[in-house]
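This briefing covers selected local features of one protein chain.

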Amino acid sequence: MATMNAIPAKSSPSLRASTTTTPSNSLQPPITLSLFSCISTRHSLSLTAAAGTSIRSTRRLKPRSLCIVSALKKLSEVDSVSLLADSVDVAGKLTPDAGVYAVYDPNGELQFIGLSRNVAASVESHRKKVPELCSSVKVGIVDNPDRESLTQAWKSWLEEHIAATGKIPPGNETGNTTWFKPPPKKKADLRLTPGRHVQLTVPLEELIDKLVKENKVVAFIKGSRSAPLCGFSQRVIGILESVGVDYESVDVLDEEYNYGLRETLKRYSNWPTFPQIFVNGELVGGCDILTSMYENGELANLFKN
């Protein structure tokens, strides 16, 4: 008898902050924000009999992300923007650019420091989710940002706050999900058989027929939904995810639990390539057809039926 097992996906991202103090080489007072200096210069003197005294300068260039963070104002130096009015136009008051932001409650207590590719959108999302904690916000824009630059900017503000207060903002504490949605767990891909060396009591074609008729949407792809192994399969998964439809996925390259599926499915559907998408028991087509239906709006209507 055929069985279908689920394989859970795991992820455990981590981020570690560290503090570095670099002296300034300008005429201004030293800055104590971490990772601030763009260029560190060493000067050394060497004496030679023929040339007398010569000065040799050695310059070490720092990564671009450190230079960008050096231009970011300290958290304490940034003016706050009020978010108290219910009708406040966040999009009009804040920038849609990438950067870091710090949210304060009505008592002036810092609740959360975040980073975003669109600061205005992120702050508006927080204001809708936890309006009682969003009284004002401070924003720092990171020019020409990459992931490293944004992370370094975020760390510099967080370290400054910790140095001043001795504590982490509540929203940044480990395990706190008030300020962001934990990534949704992706469904596991289905397995049509209990294993390659297990004798099936039901023909594989009947298992395929049962699967596509008992599930609204089924995508037969190369690889898993979390790690597609071809561009067409990746495109199909992206479309199904963006539409938000509940669907099942089957890896046709899984020779252990879906042995013989590729050739059997080709005969069943009379379709020679993969991926293959079935809706309500009927073959819709492959990547090209699904993409066309998605772009002209037909796909959304199909899933509503």
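Rings of Phe, Tyr and Trp (its six-membered ring) are taken as a pair if their centres lie within 6.5 Å, and the pair is stacked if the planes are under 30 degrees apart, edge-to-face if over 60 and tilted for the rest. By this rule there are four aromatic pairs in the model, which is predicted.

**Aromatic pairs**

- One of the pairs is formed by phenylalanine 112 and tryptophan 179, which are stacked with 5.3 Å centre to centre and 5 degrees between the planes.
- Phenylalanine 112 belongs to strand 5 (residues 110-116) and tryptophan 179 to the loop between helix 4 (147-165) and helix 5 (204-214), so the pair ties together parts that are 67 residues apart in sequence.
- Phenylalanine 112 is buried, at a relative accessible area of 8%, and tryptophan 179 is also buried, at 3%.
- Tyrosine 268 and phenylalanine 278 form a tilted pair, with 6.2 Å centre to centre and 45 degrees between the planes.
- This pair links distant parts of the chain, 10 residues apart: tyrosine 268 is in helix 7 (residues 261-269) and phenylalanine 278 is in strand 9.
- Tyrosine 268 is partly exposed, with a relative accessible area of 21%, whereas phenylalanine 278 is buried, with 2%.
- Tyr101, Phe112 and Trp179 are linked by ring pairs into a cluster.

**Charges over rings**

- Arginine 191 has its charged end over the ring of tyrosine 257, 3.8 Å from the ring centre.
- Arginine 225 has its charged end over the ring of tyrosine 247, 4.0 Å from the ring centre.

- Strand 7 (residues 217-221) runs antiparallel to strand 9 and is joined to strand 9 by four bridges.
- In this pairing, valine 217 is opposite valine 279 of strand 9.
- Strand 10 (residues 282-285) also runs antiparallel to strand 9, and three bridges join the two.
- Here valine 279 stands opposite glutamate 282 of strand 10.
- Strands 9 and 10 make a hairpin with two residues between them, and asparagine 280 in the turn has a positive phi of about 55 degrees.

**Helix 4**

- Helix 4 has 19 residues, which at 1.5 Å a residue should span 27 Å; the end C-alpha atoms are 27 Å apart, which agrees.
- The N-terminal end of helix 4 is capped by aspartate 146, which has a side-chain oxygen 3.2 Å from the backbone nitrogen of glutamate 148.
- Glycine 166 follows helix 4 and has a positive phi, near 80 degrees.

**Serine 224**

- Serine 224 is located in the loop between strand 7 and helix 6 (231-243).
- Serine 224 counts as buried because its relative accessible area is 18% and the cut-off for buried is under 20%.
- The side chains of serine 224 and serine 226 make a polar contact of 3.2 Å.
- A polar atom of the serine 224 side chain also lies 3.0 Å from the backbone nitrogen of alanine 227.
- Leaving aside neighbours within four places in sequence, serine 224 is in contact with Asp189 and Asp251.

Terms used
Residues numbered from 1 in each chain as written. Predicted model: local features only at pLDDT ≥ 70, side-chain atom pairs only at ≥ 80, totals over all residues. Heavy atoms only, no water. Pairing = 2+ DSSP bridges. Buried < 20%, exposed > 50% of the residue type's maximum accessible area, 1.4 Å probe, protein only. Lys NZ or Arg CZ within 6 Å of the ring centre and 35° of its normal. Polar contact = N/O pair within 3.5 Å; in protein donor to acceptor, adjacent residues only side chain to side chain. Contact = heavy atoms within 4.5 Å. Expected span 1.5 Å × (residues − 1).
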